[in-house]
Amino acid sequence: MPDQPRPGVPVRGSTTGRPLMAALDLLGQRWTLRVIWELRSGALGFRELQRRCERMSSSVLSTRLATLTEAAIVRLDDDGYRLTPLGKDLITAIRPLQSWADDWEKGLPKKA
C-alpha cells in the first residue's frame with residue numbers, strides 16, 4: 001500500500017504535512033468520507049458497507065478500510081467495521097459542515 005497521508009509528512013497541498021492538510025488529503029480520497037459517514041451509526045460488515053456505498057468495488061472498499069484503519073479512524077471488531085473514538089470525533093467535526101451544506105443548498109438560486 002502506498003504511503004498514506006499523515007501529519008508531519010508531505011501531502012497534497014503541503015510540503016510540511018500540517019495536520020489539517022494531511023487530514024484533508026486523507027478525507028479527499030474518493031469514497032473515504034462516504035465510508036466514514038456510513039459507519040456513523042455503528043458497526044457494519046464488509047458486504048453491508050459495500051451495499052450502502054452504492055457502486056463501490058470491493059477492491060476500493062478494501063483499500064479505503066485499510067487506509068482508515070491505519071489512520072486509526074476505523075477498526076475491525078467481531079461485529080464488523082466501526083469508528084474508533086477518533087472516527088467518532090471526526091463525525092462530530094463534520095456535522096456543522098453538513099448543516100452549512102444544507103443552508104448552501106437552500107441559498108442557491110433554483111434551476112429552471
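1. E38 and R34 sit four residues apart in helix α2 (residues 32-38), which means that about one helical turn separates them. Helices here are DSSP runs of H or I with at least four residues, numbered from the N terminus. The two side chains form a salt bridge, with 2.8 Å between the closest N and O atoms. The term salt bridge is used for a side-chain nitrogen of Lys or Arg within 4 Å of a carboxyl oxygen of Asp or Glu.

2. This is a predicted model, in which local features need pLDDT of at least 70 and side-chain atom pairs count only at pLDDT 80 or more, while totals for chains, interfaces and linings use all residues. Residues are numbered from 1 along each chain as its sequence is written, and side-chain values use heavy atoms, without hydrogens and water.

3. E38 is buried, at a relative accessible area of 14%, whereas R34 is partly exposed at 25%. Buried means under 20% relative accessible area, exposed over 50%, and partly exposed in between (1.4 Å probe, protein chains only).

4. R34 also forms a salt bridge with E54, the closest N and O atoms being 3.3 Å apart. E54 lies in the loop between α3 (46-52) and α4 (58-70) and R34 in helix α2, so this pair ties together parts 20 residues apart in sequence. E54 is partly exposed, with a relative accessible area of 40%.

5. R75 and D77 form a further salt bridge, at 3.0 Å from N to O. Both residues count as partly exposed, R75 at 35% relative accessibility and D77 at 25%.

6. Through salt bridges that share partners, R34, E38, E54 and R55 are joined into one network. The count of salt bridges comes to nine.

How values were computed
Helices (H or I, at least four residues) and strands (E, at least two) are DSSP runs, numbered from the N terminus.
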